[in-house]
Amino acid sequence: MTGPQASDPHPDPITDDLGWTLGVVFRAYVRAAEHVAGDLPGGPRGYQVLVAAGREPARNQGAVAEELGIDRTVLTYLIDDLERDGLVVRRPDPADRRSRLVTLTDAGREAARRRRAALADVETRLLRALTPAQRGELRDLLRQVACAAQADDPLVDLCQAVEAAADEPPVRRRRRGTTPGGRST
């Protein structure tokens with residue numbers, strides 16, 4: 001790519017465009033991620049579910065859906081497929097028997113580990129024009145931009161949801177019309 005230099009007084013209207021730049025990098029990453037994780041149910045999205053299921057503390061499907069920005073119904077089918085392939089299990093939430101926690105099996109943990117290693121290689125190739133320090137800085141800057149952009153979304157701030165899920169144990173919610181002891185009112 002022969003894009004403009006920072007000191008160029010006449011920037012190229014294409015290569016200087018943030019959308020074009022992000023699009024080129026995104027498409028290259030998506031193609032490589034599909035190659036790496038395409039054999040999983042849901043492909044790269046299935047890989048993301050495996051990563052979310054491997055985090056502690058374990059979370060229910062609703063929390064995973066919110067964290068990943070996946071529709072709950074779509075996630076249910078995806079977890080069904082991952083469970084059928086022996087990569088995740090649903091287990092009762094000790095804090096709320098109506099809820100199921102999504103956790104990795106040993107096979108799921110190994111599948112996630114292998115894909116993560118392969119994606120690290122993809123990222124290294126994709127970012128090969130940068131020094132290791134620049135790669136780290138780019139990741140930090142992109143994380144900041146992503147969290148700021150996500151905060152502008154009026155539906156849910158996924159960055160806060162991820163931080164909250166990682167920092168706080170699940171809260172048991174009372175059903176409507178019950179007292180703290182669980183008696184009906």
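Hi everyone, let's start with the charges: a search of the whole structure finds 14 salt bridges, a salt bridge being a side-chain nitrogen of Lys or Arg within 4 Å of a carboxyl oxygen of Asp or Glu. Before I go on, this is a predicted model, where local features need pLDDT of at least 70, side-chain atom pairs count only at pLDDT 80 or more, and totals for chains, interfaces and linings use all residues. Residues are numbered from 1 along each chain as its sequence is written, and side-chain values use heavy atoms, with hydrogens and water left out.

Now, the sheet. Three strands make an open sheet, in the order S1-S3-S2, with antiparallel pairing. Strand S1 (59-60) and strand S2 (88-93) are at the edges with a single partner strand each, so one side of each has no neighbour in the sheet. Helices (H or I, at least four residues) and strands (E, at least two) are DSSP runs, numbered from the N terminus, and two strands pair if DSSP finds at least two bridges between them. S1 pairs with strand S3 (residues 96-104) over two bridges, and arginine 59 has valine 102 as its bridge partner in S3. Helix H2 (residues 43-53) packs on this sheet and touches S1, S2 and S3, its direction making about 110° with that of S3. Contact here means heavy atoms within 4.5 Å; axes are lines fitted to C-alpha atoms, for helices over the stretch in contact, with angles from 0 to 180 degrees between N-to-C directions.

Back to arginine 59. Which side chain does arginine 59 meet in a salt bridge? That is glutamate 67, at 3.0 Å, N to O. Both glutamate 67 and arginine 59 are buried; buried means under 20% relative accessible area, exposed over 50%, and partly exposed in between, using a 1.4 Å probe and protein chains only. Arg55 joins Arg59 and Glu67 in a network of salt bridges.

Next pair: arginine 90 and aspartate 80 form a salt bridge, with the closest N and O atoms 2.8 Å apart. This one links distant parts of the chain, from arginine 90 in strand S2 to aspartate 80 in helix H4 (residues 72-84), ten residues apart. Aspartate 80 is partly exposed, at 32% relative accessible area.

Last one: arginine 139 bridges to glutamate 123, with 3.0 Å between the closest N and O atoms. Arginine 139 sits in helix H6 (residues 132-151) and glutamate 123 in helix H5 (residues 106-126), 16 residues apart. Arginine 139 is partly exposed at 37%, whereas glutamate 123 is buried at 11% relative accessibility. Thanks, everyone!
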